[in-house]
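Please read the following report with the sequence and the model side by side.

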Amino acid sequence: MIRSIWWSAAIPGAAAPFDTAHLRIFYPAVRTGSDAERLSGVFPADPAGAPYPVVLIVSGVNVGQEAYRWLAVALAERGFVAVTYDWVGELFGGVKGITPGVTLEAAKPDTYGTGPTTPSVPAVLAALAESPLAEVLDLDRVGLLGHSAGGTVVLQSARFFPSVKAVAAYGTHTMVATRLGWPAGTVLPAQVDSPVLLMAGENDGVINGSADRYGEDAADRKDPISRTFDEALPDHDGANLQVTFAGANHFGIVHPVDETAARAFLDSEASTDPAATRSALTDVTAAFLGVHLREATGDALDKALQSPDIAAIRRR
């Protein structure tokens, strides 16, 4: 049985009222039949799998955490504690919205690589240590799973969090806008020490629709996700994976897609059943995290990578 509880995290340096992230923690639970369960709806964690490795899902801009609930539940069913969160804070140009947290000053040429580019991830991890589930969490075995801008800040920041043992990202890259002072076409080196699973859909319209911010002429542009895999990540004895899902788009990791927010209007149509993409994505992600957070064998990952809904696989 999978249940969830809500929690919150204070974001250091953020001004009220935009200084709080609201968390949802999904976990394997057990029914005891107690009055406390009946009256509160809160069930204790199943002690059989404790302590549970933690997977923190870091959202794209203006994509609410409910869009990743399906994935959080699927990961909890496979023996992880999955955490989503909403932080309404500063985006760009004074606009407020749901953000993974992007510290632009930390992404400039004279500062990049000296610290994380997101303030939300360390704040949420610290809050989990104070949550009601703290005793069943293994906060020394953490996986970060980012989507879109959430994947970018994860790739730019993971090595600054020693508990992170695996990174997964979907629909993201480390190319950087020229307005931050970088030359056109710059791919920033990922700040990641752990193995990386870099995922994407074949029909990602959002990344294509944003490519002009990187300063390249249209004729010179190459796939920023493949460039990130080739240029931003160090070799990891084959543990780094790039997985491209057949016919999937930028929001292939999201369900349901909220057409009233974010930038789904830029996306291309998925030419594969999104449910099939989500199933394959779950299998690959859970197996990858199992290898690196739970020391599982690679058998489940090898099997997941044989899915007909995967168009391409690369290893480094």
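## Loops, cores and an enclosed helix

E295 is exposed, with a relative accessible area of 76%, where exposed means over 50% relative accessible area, buried means under 20%, and partly exposed lies in between, using a 1.4 Å probe and protein chains only. This is a predicted model, in which local features need pLDDT of at least 70 and side-chain atom pairs count only at pLDDT 80 or more, while totals for chains, interfaces and linings use all residues. Residues are numbered from 1 along each chain as its sequence is written, and side-chain values use heavy atoms, with hydrogens and water left out.

E295 sits in the loop between helix 7 and helix 8 (299-304); here helices (H or I, at least four residues) and strands (E, at least two) are DSSP runs, numbered from the N terminus. Although E295 is not a glycine, its phi is positive, at about 55°. D237, in the loop between helix 6 and strand 9, also has a positive phi, near 55°, and D237 counts as exposed at 84% relative accessibility. As background, most residues other than glycine have a negative phi, and most peptide bonds are trans.

Another loop, between strand 4 (81-90) and strand 5 (96-98), holds G94, which is partly exposed with a relative accessible area of 45%. Between the C-alpha atoms of G94 and S120, which are 26 residues apart along the chain, the separation is 18 Å.

Turning to the whole chain, the model contains eight helices and ten strands. Its radius of gyration is 19 Å, close to the 20 Å that the globule rule gives for 316 residues, so the chain is as compact as a globular protein of that length; the radius is taken over C-alpha atoms, and the rule is 2.2 Å times the number of residues to the power 0.38. Along its principal axes the C-alpha trace spans about 65 × 50 × 40 Å, and 54% of the 316 residues count as buried. Among contacts (heavy atoms within 4.5 Å) with a separation of 6 or more, 71% are between residues 24 or more positions apart.

What lies inside? In soluble globular proteins, nonpolar side chains tend to be buried together. A nonpolar core is a set of buried Ala, Val, Leu, Ile, Met, Phe, Trp, Tyr and Cys residues joined through side-chain atoms within 4.5 Å. The largest such core has 50 residues, of which L23, L56, V83 and L144 touch the most other members, and helix 3 (residues 120-128) gives the most to this core, with six residues. A second, separate core of 40 residues includes I57, A76, L241 and V243. Leaving aside neighbours within four places in sequence, the contacts of L23 include W6, W7, V83, Y85, V124 and L128.

Helix 4 (residues 149-157) is largely enclosed by the rest of the structure, because eight of its nine residues are buried; these include G150, G151, V153 and L155. The cover over the buried residues of helix 4 includes strand 3 (52-58), strand 6 (137-147), strand 7 (164-170), strand 8 (196-201) and helix 6 (224-232).
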